[in-house]
Amino acid sequence: MTTDHTENLYQDDLESQKSTLADETSNVVNVGHLELLEERPIISKERLDVGKVTVTKHARTKTIDVPIELVEEYITIRTEYHDAESQNLLSGHYDEKDILRHVEPSLDSKAVVTVNGKQIEIGDDPIEIVLSRQVATITKDTYAVQEIDVNKSTHIHTDSIQVELKHEELDVTEEGFLAHEANTTRPK
């Protein structure tokens, strides 16, 4: 019986501790829910046009002198007289007797002209002497003198941006003798 009594005491003690714990848990009242918040950075990227490059091609004109040799033909007519009186008549030193003598026609005389080393007799039929000359004809060719490559490249760099972030912390200030302090100091 003593063992039963001891067991009953032990049983009573356990029940009393359970009831004390039940009383303590039943005293807990939920007064609200509290959230602590913090800021976190959200980084997005945006493409900004910061400048532009305009590439145009235009033609410039310059005038240059190009030396060129051109051949031109010309005619020289020279009259030769075999006597001094005829030469004086040609040069303007003459008297009236000489004019009458030379104006009088003579039918058997023929004029001879030398063209390019060849003697041509001038008669009743006219002779034609063709003169020519060279002229410059200009054409232009286009040549590539320079090649230009236009490239656009992308460079990636890491930048550091300072962001000030807030977060909430819970500060608990206790005043007076509170029940949970009494439970921690009480022996169990």
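**Figure 1. Burial and surface of the protein chain.** Of the 188 residues of the protein chain in this predicted model, 2% count as buried. The accessible surface of the chain comes to about 20,900 Å². Carbon and sulfur atoms hold 51% of that surface.

Figure 2. The secondary structure consists of four helices and two strands. Read along the sequence, their order is α-α-α-β-β-α. Strand 1 covers residues 111-115, strand 2 covers residues 118-122, and helix 4 covers residues 179-185.

**Figure 3. Confidence of the prediction.** The mean pLDDT of the protein chain is 75. A value of 70 or more is reached by 62% of the residues. Where is confidence lowest, and where is it highest? It is lowest in helix 3, residues 96-103, with a mean of 54, and highest in strand 2, with 77.

Figure 4. One of its members, Ile 127, is placed in the loop between strand 2 and helix 4.

**Figure 5. The loop between the two strands, at Asn 116.** Asn 116 lies in the loop between strand 1 and strand 2. Is Asn 116 buried or exposed? Asn 116 is exposed, because its relative accessible area is 79% and the cut-off for exposed is over 50%. Asn 116 and Ile 75 are 41 residues apart in sequence. In space, the distance between them is 9.4 Å, C-alpha to C-alpha.

**Figure 6. The salt bridge between Glu 38 and Arg 40.** The structure holds one salt bridge. Glu 38 and Arg 40 form it, and their closest N and O atoms are 2.9 Å apart. Side chains of opposite charge can pair when their charged atoms come close. How exposed are the two partners? Glu 38 has a relative accessibility of 48%, so Glu 38 counts as partly exposed. Arg 40 has a relative accessibility of 65%, so Arg 40 counts as exposed. The cut-off that separates the two classes is 50%.

Terms used:
Residues numbered from 1 in each chain as written. Predicted model: local features only at pLDDT ≥ 70, side-chain atom pairs only at ≥ 80, totals over all residues. Heavy atoms only, no water. pLDDT = per-residue confidence, 0-100. Buried < 20%, exposed > 50% of the residue type's maximum accessible area, 1.4 Å probe, protein only. Areas by Shrake-Rupley, 256 points an atom, 1.4 Å probe, with all protein chains shown as cover. Salt bridge = Lys/Arg side-chain N within 4 Å of Asp/Glu carboxyl O.
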